[in-house]
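Subject: Structure handover and notes

Hello,

Please find the structure below.

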Amino acid sequence: MATVQGRTLTERQKGLAACACLMAQGDLERLEPAVKMALAGGVTINELKEAFSQLYAYTGFPRSLNALGVLNKVLENKQENWQEGKPWTRPEIWGDAAKALKQGTEVQTQLSGRPFDYDFCPQDDYYLKSHLFGDIFAGDQLTAADREIVTVAALSGLDNVAPQLAAHKRGAVNMGNSQELVDELCAWLDHEGYTLRSGFPKGVANVNYAQYFIGDSFVAPIKPSNLGENDATVMPIVNVTFEPGCRNNWHIHHGAHQVLICVSGKGWYQEWGKAPIPLHPGVVIDIPEGVKHWHGAQKNSWFQHYTTHVKTGGSESNEWLEPVDDETYNALK
């Protein structure tokens with residue numbers, strides 16, 4: 001209970017949350033290292049099985065089965081410090097539909113903070129009470145508090161589920177987590193780049209410069225609201241969003257130096273012949289004219305920065321050079 005009521009996420013809770021969020025997005029490439037991180041951080045193998053199974057009710061069977069497939073693949077090279085966890089046992093209520101409905105109704109009432117009846121659709125009302133909060137929540141691998149951390153993290157990774165996310169954030173507190181811990185959970189998912197709820201626009205696909213990027217990037221031009229439509233006195237400001245692993249080619253700015261203002265997620269900046277610099281919200285990089293460099297996201301995180309240029313005289317141009325090869329990029333720590 002000290003852990004549940006604490007204000008700081010444990011490594012185990014972070015592992016559960018990261019796996020749940022990536023599983024919900026169907027991001028199997030990022031899920032594999034997240035599973036390894038979770039197991040190293042104290043999450044048991046059977047707890048992950050339980051989490052991925054529970055989330056089928058929120059994300060669908062295909063993503064649940066895919067996540068279990070990733071876990072199975074990871075276990076082909078099982079590490080000695082990874083724990084199996086307590087043995088799985090079949091919940092007693094699985095053989096008694098009336099008992100499952102009764103227990104599920106009690107769990108749903110506790111989670112919601114009041115009795116909840118979805119009279120508009122009796123089918124879903126029954127499924128929620130008897131199956132989700134009855135059959136599924138009857139498993140003993142995860143506590144009720146753990147289950148809500150997993151659910152909040154999964155819903156945080158999905159689009160257009162704001163009402164459900166808000167309800168489960170309240171439910172996470174009702175099931176034993178502190179409000180401070182739930183707030184920290186959501187902030188941690190954003191900061192680590194598992195989600196892209198940064199408050200800054202993602203924009204549209206960066207098709208005009210796609211040939212100079214590895215991976216997908218997005219652009220959202222920013223213009224101060226007090227400027228006229230044809231005011232050219234201010235250099236363009238653009239918010240650039242990089243998907244995990246996305247980076248631009250090595251390049252050089254002529255006639256201007258570039259300024260990067262990092263606003264969300266985690267990224268990299270590197271000048272030719274120098275060590276890479278990790279980027280996170282609040283970091284500002286002033287790139288001198290004529291310096292060969294690249295920037296982009298870290299491989300396990302979304303990343304956003306604002307960028308603008310400051311004229312230094314002469315003709316302005318970008319000189320695009322070779323890509324940042326996988327060997328160089330994947331070696332970054």
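The notes below go through some helices, the nonpolar cores, the cysteines and a sheet.

This is a predicted model, in which local features need pLDDT of at least 70 and side-chain atom pairs count only at pLDDT 80 or more, while totals for chains, interfaces and linings use all residues. Residues are numbered from 1 along each chain as its sequence is written, and side-chain values use heavy atoms, with hydrogens and water left out.

Helix α3

Helices (H or I, at least four residues) and strands (E, at least two) are DSSP runs, numbered from the N terminus. Helix α3 covers residues 28-40, which is 13 residues. From its first C-alpha to its last, α3 reaches 18 Å, close to the 18 Å expected at 1.5 Å a residue. The expected span is 1.5 Å times one less than the number of residues.

Which residues of α3 are buried? They are Arg30, Leu31, Ala34, Val35, Ala38 and Leu39. These residues cover an arc of only 165° around the axis, which puts them on the same side of α3. The arc is that of the directions from the helix axis to the C-beta atoms. Buried means under 20% relative accessible area, exposed means over 50%, and partly exposed is in between (1.4 Å probe, protein chains only). On the other side of α3, Glu29 and Ala40 are exposed.

The buried residues of α3 pack against α2 (11-25), α4 (45-54) and α6 (61-74). Just after α3, glycine 42 takes a positive phi of about 110°.

The nonpolar cores

In soluble globular proteins, nonpolar side chains tend to be buried together. A nonpolar core is a set of buried Ala, Val, Leu, Ile, Met, Phe, Trp, Tyr and Cys residues joined through side-chain atoms within 4.5 Å. The largest such core here has 52 residues. Those with the most contacts inside it are Cys19, Leu31, Val35, Leu39, Leu48, Phe52 and Leu189. Helix α2 gives the most to this core, with 9 residues.

Leucine 31 is in contact (heavy atoms within 4.5 Å) with Cys19, Leu22, Met23, Phe52, Ala67 and Val70, leaving aside its neighbours within four places in sequence. A second, separate core has 14 residues, including Val240, Cys246, Leu260 and Val283.

Cysteines

How many disulfides does a search of the whole structure find? The search finds 0, where a disulfide is a pair of cysteine sulfur atoms within 2.5 Å. The sulfur of cysteine 246 is 14 Å from the closest cysteine sulfur, in cysteine 262, which is too far for a bond. Cysteine 246 is buried, with a relative accessible area of 0%. Cysteine 262 also counts as buried, at 3% relative accessibility.

Other helices

Helix α9 (residues 144-156) has 13 residues and, from first C-alpha to last, reaches 18 Å, close to the 18 Å expected at 1.5 Å a residue. This helix is mostly covered, with 12 of its 13 residues buried. Among them are Asp146, Arg147 and Glu148, along with Ile149 and Val150.

Serine 130 lies in helix α8 (residues 122-136). Is serine 130 buried or exposed? It is buried, with a relative accessible area of 5%. Leaving aside neighbours within four places in sequence, serine 130 is in contact with Ala97, Ala100, Leu101 and Asp135.

Tryptophan 188 lies in helix α11 (residues 179-191) and counts as buried at 14% relative accessibility. Not counting residues up to four places away in sequence, tryptophan 188 touches Leu9, Lys14, Ala17, Ala18 and Tyr194. The C-alpha atoms of tryptophan 188 and alanine 34 are separated by 14 Å, and these residues are 154 apart along the chain.

The sheet

An open sheet of 6 strands has the order β1-β3-β4-β12-β7-β10, with antiparallel pairing. Strands β1 and β10 (284-287) stand at the edges, each with a single partner strand, so one side of each is left without a neighbour in the sheet. Two strands pair if DSSP finds at least two bridges between them.

Strand β1 (residues 204-205) and strand β3 (residues 217-222) run antiparallel and are joined by 2 bridges. Valine 204 has valine 219 as its bridge partner in β3, and alanine 205 has phenylalanine 218. Between β3 and strand β4 (residues 237-242) there are 6 bridges, again in the antiparallel sense. Isoleucine 222 stands opposite isoleucine 237 in β4.

Regards
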